[in-house]
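Visitor: I would like to understand the words used for this model, and the cut-offs behind them. Could you take me through it?
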Amino acid sequence: KQWYQRRVAITAGGLRNFVAQEKLDGALVAVVCNLKPANMRGIKSQGMLLCASDKDHTTVEVLTIAEGSKPGERITSDLFTQAPDTQLNPKKKIFEKVQSDLTTNDSLEVTYKGELLRTSAGPILAPSLVKAAIR
């Protein structure tokens, strides 16, 4: 449990202006954790917390994970048929290509190319942003 809390704290450093720390404390969140570690403001970031964002990036919301999901559980979609890479090659810009097709639908569900993203307990949701980009 401590490992996940630490990872989120390090990952979420760039959200200070958008999300209160209290909203993250103890929350289950969606994290991309196979990115190459990068130094950000003197701290090694080992992942990226996924959030919904409006077009002008003035509203940012932490995604809601279905109750009953387990920390570290893989988020899946019918389009994800292979095991994920242990670490994405940053030169190939794989995540950037995937990210362009991540959005929310009219029901606030997070989708990839129109297919629902979910854990074993249910869908990943944005609190209020419809047709939002996932970053």
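Guide: Let us begin with confidence: the mean pLDDT of the chain is 83, and 90% of its residues reach 70 or more. That score is the predictor's confidence in each residue, on a scale from 0 to 100. This is a predicted model, so local features need pLDDT of at least 70 and side-chain atom pairs count only at 80 or more, while totals for chains, interfaces and linings use all residues. Residues are numbered from 1 along each chain as its sequence is written, and side-chain values use heavy atoms, leaving out hydrogens and water.

Visitor: Where does pLDDT stay under 50?

Guide: Over residues 1-11, for which the model has 14 contacts beyond four places in sequence. A contact here means heavy atoms within 4.5 Å.

Visitor: Why is Thr111 called buried?

Guide: Buried means under 20% relative accessible area, exposed over 50%, and partly exposed in between, with a 1.4 Å probe and protein chains only. Thr111 has 5% relative accessibility, so it counts as buried. This residue is found in strand 8, and beyond four places in sequence it touches Asp101, Leu102, Thr103, Asn105, Leu116 and Leu117.

Visitor: Which residues touch the most other members of the largest nonpolar core?

Guide: Leu50, Ala52, Leu63 and Ile134 do, in a core of 18 residues. Such a core is a set of buried Ala, Val, Leu, Ile, Met, Phe, Trp, Tyr and Cys residues joined through side-chain atoms within 4.5 Å. Beyond four places in sequence, the contacts of Ile134 include Leu50, Ala52, Leu63, Leu102 and Val110. Apart from that core lies another, of eight residues, among them Leu15, Leu24, Val29 and Leu49.

Visitor: Why is the aromatic pair of Phe80 and Tyr112 called tilted?

Guide: Rings of Phe, Tyr and Trp (its six-membered ring) pair if their centres lie within 6.5 Å; planes under 30 degrees apart count as stacked, over 60 as edge-to-face, and the rest as tilted. Phe80 and Tyr112 are 5.3 Å apart, centre to centre, with 35° between the planes, so the pair is tilted. A search of the whole structure finds one aromatic pair. Phe80 sits in the loop between strand 6 (60-62) and helix 3 (94-99), while Tyr112 is in strand 8 (residues 110-112), 32 residues apart.

Visitor: What is the phi of Lys113, and is the residue buried or exposed?

Guide: Phi is near 50°, a positive value in a residue other than glycine. Lys113 lies in the loop between strand 8 and strand 9 (115-116), and with 53% relative accessibility it counts as exposed.

Conventions:
Helices (H or I, at least four residues) and strands (E, at least two) are DSSP runs, numbered from the N terminus.
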